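Okay, thanks for coming, everyone. Let me put the structure up, and then I'll walk you through it.

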Amino acid sequence: MSERDPLSVRAEALASTRKLHELSVTGRLWSWRYLVLRRLVQVGILLLFFGTAHWAWELPKKTPLLTGNLSASTFVGVVPMTDPFAALQIFVTGHMLQTDALLGAALVLAFYLLLGGRVFCAWVCPVNLVTDLAGWLRNRLAIRAIAHLPRSLRYFVLATALVLSVVTGVAAFEWVSPVGMMHREIIFGLGFGALALLAIFLFDLLLLKHGWCGHLCPLGAFWSLVGYAAQVKVRFDKSTCTHCGECARVCPEPQVLNLKKLEEAGQVVSGECSNCGRCTALCPEGSLAFDLKPLIRAHLRQAQGSGTRDS
Amino acid sequence: MADPTLTRRDFLEKAAQGTAMAVTGGLLWGYLVLQESRAAPFALRPPGALAVQDFNATCIKCGKCVNACPYDTLKLTSAGGDLPIGMPYFEPRKIPCYLCPDIPCMKACPTGALSPELKNINDARMGLAVIDIENCLSWKGLRCEICHRECPLKGKAISLETHPRNISKHAMFVPLVHSNVCTGCGICEKACPTAEAAIRILPPALVQGKIGEHYRLGWTIDTQITQDFKPAPAVTLPPSSQPVPVPTTAPGMDYLNSGDL
């Protein structure tokens with residue numbers, strides 16, 4: 001890498017930030033496109049479940065649209081879907097699931113292996129609505145951190161969930177999961193689960209930034225592990241990046257935007273990236289964009305090849 | 001993730017701290033889960049539900065059985081209730097199970113927590129009807145018998161038996177539940193006309209006793225001993241000097257209203 005004048009680097013970065021701040025109203029809305037789309041998908045999925053349960057939404061021949069909830073569901077009466085993490089917990093209690101549930105878990109796993117593990121977190125999980133609100137409000141109120149926890153804690157929570165499932169003989173996370181609680185209570189009627197969500201909201205707002213989704217949730221940890229193998233990734237173009245840092249400012253998992261790693265791999269490697277798309281839509285230089293992993297690799301190899309030829 | 005700044009000490013320290021947090025949290029978490037799962041014995045589960053422990057383990061809390069139930073019988077427990085969270089149950093006094101012959105709830109279950117081995121809905125054992133004979137109208141001497149008439153397995157799950165009555169010679173007709181047939185659907189509990197149901201569905205394990213192996217009901221066993229047993233010869237009493245009174249009416253004609261007896 002050639003050394004550049006630090007002043008010009010800074011000026012470039014500032015210019016990028018200014019570009020972002022001088023966006024027109026439509027430009028600003030366009031830079032939120034994935035955020036809007038995510039909210040539509042999140043609420044839409046909830047609505048599909050709710051409508052099927054309460055308003056008997058169905059296709060002709062009395063085929064219910066989407067029965068169940070995020071733990072297990074059936075789409076248009078034929079496509080089974082099962083939460084693979086819930087299935088794994090049940091499996092380690094020593095109980096075999098029926099083929100229907102296993103097939104559903106395989107389908108869901110394949111889906112997220114393609115699109116990115118934590119696509120579940122950013123695009124489907126209803127708790128994300130609560131924690132994003134808390135995160136946004138926390139930024140607005142400029143609440144300073146009073147606690148610090150390592151982000152790797154979630155993997156210990158994940159391991160604990162599996163160990164506890166073996167020890168107690170029931171799927172340990174499913175019995176306390178705020179994700180399941182929120183979904184069930186929206187679809188099947190309200191109970192005290194709202195209190196658990198309030199606790200998460202306050203925890204995220206006042207104690208630890210992105211505390212639940214980014215530090216504790218074992219389901220997110222499970223999908224993070226899946227995410228490492230996922231095919232849709234955020235591509236990084238180092239030639240256009242001006243290091244303005246706007247991406248890291250909106251990213252709920254900013255550690256995945258480690259510049260050194262980005263430059264090495266030409267993409268966001270970490271499975272902790274939820275493919276929420278905030279950075280890709282926002283980047284004033286268009287250096288970040290969704291792409292397929294094999295294409296990114298091919299691109300990178302090509303770029304490296306031409307790079308060595310040039311020098 | 002080879003980070004050159006991470007020393008072995010750092011790594012061990014971090015791993016130990018993470019483990020400590022996981023174990024501390026895990027103990028609390030495990031306690032919660034165990035408390036929840038032990039709260040189960042009073043819950044009435046949908047037809048085909050596995051035994052408590054297996055049901056607790058395999059139910060994935062998806063609510064598809066609730067979606068499938070055409071009578072809105074099944075509900076999912078919410079957080080903070082006295083039943084384990086997120087699993088299907090029903091309260092027969094509100095809405096009983098109407099014993100759909102195609103068992104849609106069981107068919108909707110993706111995990112087998114409602115076992116597909118249940119082929120005939122009449123083999124379901126969701127609970128057992130138990131009668132509070134102190135508050136049952138039939139046991140008070142009224143001709144109620146509503147539970148018997150409403151029972152989908154009338155005469156088999158609930159039969160009517162005669163029972164002598166203290167205040168008059170009229171017999172009482174009292175309902176009797178047969179545990180080998182009762183499905184625990186709760187239609188009787190729903191139908192019971194008393195202010196609080198005098199017939200209720202409870203999980204069989206909570207109300208059923210067990211004789212045990214060590215009692216031998218000799219008269220039910222066809223063995224050498226009972227067959228060889230010869231009773232002692234009957235003692236013939238000397239004929240009584242008192243004459244036997246001759247009845248004025250045919251036996252059984254009007255004894256109910258004769259005043260004696």
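First, a quick term: the radius of gyration here is taken over C-alpha atoms, and the globule rule is 2.2 Å times the number of residues to the power 0.38. By that rule, a compact globule with 311 residues would come out near 19 Å, and chain A has 21 Å, so the two agree. Before I go on, this is a predicted model, where local features need pLDDT of at least 70, side-chain atom pairs count only at pLDDT 80 or more, and totals for chains, interfaces and linings use all residues. Residues are numbered from 1 along each chain as its sequence is written, while chains are lettered from A and ligands numbered from 1 in the order in which they are written.

Let's stay with chain A. Its C-alpha trace spans about 65 × 45 × 45 Å along the principal axes. You'll find 16 helices and seven strands in chain A; these are DSSP runs numbered from the N terminus, H or I with at least four residues for helices and E with at least two for strands. Of the 311 residues, 44% count as buried, meaning that 20 or more other C-beta atoms lie within 10 Å of a residue's own; 12 or fewer makes it exposed, in between is partly exposed, and the C-beta atoms are placed from the backbone.

How is chain A divided? There's domain 1 (79-225) and domain 2 (231-310), with bounds from an automatic or database domain assignment. Their C-alpha centres lie 26 Å apart. The contact between them takes 16 residues from domain 1 of chain A and eleven residues from domain 2 of chain A. By contact I mean that two residues have C-beta atoms, placed from the backbone, within 7 Å. On the domain 1 side, helix 5 (99-115), helix 6 (119-124), helix 11 (211-216) and helix 12 (218-227) of chain A each supply at least two residues.

Chain B also has two domains, domain 1 (25-124) and domain 2 (127-205), and their C-alpha centres are 26 Å apart. Ten residues of domain 1 of chain B and 14 residues of domain 2 of chain B make up that contact.

Now, how do the chains meet? 49 residues of chain A are in contact with 36 residues of chain B. On the chain A side, helix 8 (residues 153-168) gives the most, with nine residues. That side has 25 nonpolar, 20 polar and four charged residues, where Ala, Val, Leu, Ile, Met, Phe, Trp, Tyr, Cys and Pro count as nonpolar, Asp, Glu, Lys and Arg as charged, and the others, Gly among them, as polar.

And what packs against helix 8 of chain A? The buried residues of helix 1 of chain B do: B:Ala22, B:Gly26, B:Trp29, B:Val33 and B:Glu36.

Last stop, the cores. A nonpolar core is a set of buried Ala, Val, Leu, Ile, Met, Phe, Trp, Tyr and Cys residues joined through C-beta atoms within 7 Å. The largest has 104 residues, and A:Ala171, A:Ala172, B:Cys65, B:Cys105, B:Cys188 and B:Ile199 touch the most other members. Helix 8 of chain A turns up again, giving this core its largest share, six residues. There's a second, separate core of 15 residues, including A:Val268 and A:Leu282.
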